[in-house]
Amino acid sequence: MAEIIINQLHKSFADFVAVRNSSLKLEDGKFVVLLGPSGCGKTTTLRMIAGLEYPTSGQITLDGKDVTYLRPRERDIAMVFQLFALYPHMGVRENLAFPLKNEGLPKAEIDRRINEVAAILRIEHLMNSRLSSLAGGDRQRLALGRAIVRQPKAFLMDEPLGTLDAEFRELMCIELRKLHERLKTTTVFVTHDQNEAMALADHIVVMNQGDILQADSPEGVYNFPSCVFVAQFIGRPPMNLLPLSQGVQAGVREVKLGGVSVAIPLTIGHANSALLGIRPEHVMLTNDPQAIQGKISQVEYFGSHWIVVVDTESGLIRAMVPKTNRPNEGDVVGVQFKTERTVLFDAVSQQLLASETTQAHQRSMNHG
Ligand code: ATP
């Protein structure tokens, strides 16, 4: 078990800043996912926590102990890479035993731990197999087994599911989450795949261009994105963002969008120009002539629902419509929003403007 704190962590490669003065508390026993587009600094952050890379400045503590410049083996943290952490010339049992032999543990203890891990991962029947005979999923499980058999304080995983096909990825996500429920070992997991992040994480840390933009629950990053980038990066299709040219004042309860009044949660901040954010599943189509009017320009079928694009005076608005109501391209429709689900961003700073609802979320995070 471990609490990892990174404080003002900074990493430059010559003039290029890969991680910019990042601070983060990774709580004991939590599954934390570092999520962001390619090149945003996820792996560099993970490698600094592992000790494979030293920061330019800043500090990393593990259970209160400064480990910033300790070597990887002095940190009691296990790094799980993709599949290649296995030794191809050794059998399954030998692969599991190897890290424990290296630690000099007695044979009885090694056997006890191996049997325990084999039972957790349901690979007991493979213990005497050769590596070359294992299917992809069993190899992945064995790679995880190699990490958990050491009983480290924390797991660090860099896109461990990256090479798997979509169906198998989903299965391994479920396995990993179940494993975490059982072991409750602090885990830091890197991915650029938001579905993986949503399925696995207690906390998601969204990064872009070396910066941490938001560290929050999956519900928090989805419902209360800290900025326009997070709003667009999380969710498919992304959040609708509609310009409010007249801006917003603190304390207002409604804004004008294309001449129509739209109710919003009580706003605490103010901005000269703003963006109103609403997720497609909180947009309803209606016949009400008082609603924002527009013409359907595109209809996409998603199996369980339609995504309907409505061309309005305020721009394109995407709505998620139940599959029973097949809308038609060219139809003129009204668009309404679930008031309590709208969020506002400052159009210049691109940051979320606080509202009663976002503040209530922050309070619940701090106490939860
Ligand atoms: P990816 O998923 O593509 O690996 P990432 O978010 O994990 O992306 P990092 O691997 O942390 O990104 O890299 C962040 C940036 O730092 C990238 O632009 C990368 O090219 C750069 N970088 C990483 N390691 C080095 C290095 N040793 N020397 C120079 N630049 C580096």
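How much space lies in the largest cavity? About 60 Å³ lies there.

## Basis of the model

This is a predicted model, in which local features need pLDDT of at least 70 and side-chain atom pairs count only at pLDDT 80 or more, while totals for chains, interfaces and linings use all residues. Residues are numbered from 1 along each chain as its sequence is written, and side-chain values use heavy atoms, with hydrogens and water left out.

## Cavities

Two cavities of 30 Å³ or more are present in the structure. On a 1 Å grid over the protein atoms alone, a cavity is a set of points where a 1.4 Å probe fits but cannot get out, and lining residues have an atom within 4 Å of a point. Grid points are joined across faces, edges and corners, and a volume is the space filled by probe spheres set on the points.

The lining of the largest cavity includes Phe-31, Phe-155, Met-157, His-180 and Lys-184. Helix 5 (166-183) and strand 7 (154-158) each supply at least two of its lining residues, with helix 5 giving the most, four residues. Helices (H or I, at least four residues) and strands (E, at least two) are DSSP runs, numbered from the N terminus. By class, this lining has six nonpolar, three polar and one charged residues; Ala, Val, Leu, Ile, Met, Phe, Trp, Tyr, Cys and Pro count as nonpolar, Asp, Glu, Lys and Arg as charged, and the others, Gly among them, as polar.

The second largest cavity holds about 50 Å³ of space. Among its lining residues are Pro-265, Thr-267, Val-343, Leu-352 and Ser-355. The lining divides into five nonpolar, four polar and no charged residues.

## Second largest pocket

A pocket is an open set of points with protein on both sides within 12 Å along at least five of seven lines. The second largest pocket has a volume of about 320 Å³ and is lined by 16 residues, of which Glu-27, His-203, Ala-215, Asp-216 and Met-365 lie nearest its centre.

Strand 2 (16-26), strand 9 (203-208), strand 10 (211-216) and helix 9 (356-367) each contribute at least two lining residues. The largest share, three residues, comes from strand 2. Six nonpolar, four polar and six charged residues make up the lining.

## Cysteines

With a disulfide taken as a pair of cysteine sulfur atoms within 2.5 Å, the count comes to zero. For both Cys-173 and Cys-227 the closest cysteine sulfur is in Cys-40, at 18 Å from Cys-173 and 13 Å from Cys-227, too far for a bond.

Cys-173 is buried, with a relative accessible area of 8%, and Cys-227 is buried at 5%. Buried means under 20% relative accessible area, exposed over 50%, and partly exposed in between (1.4 Å probe, protein chains only).
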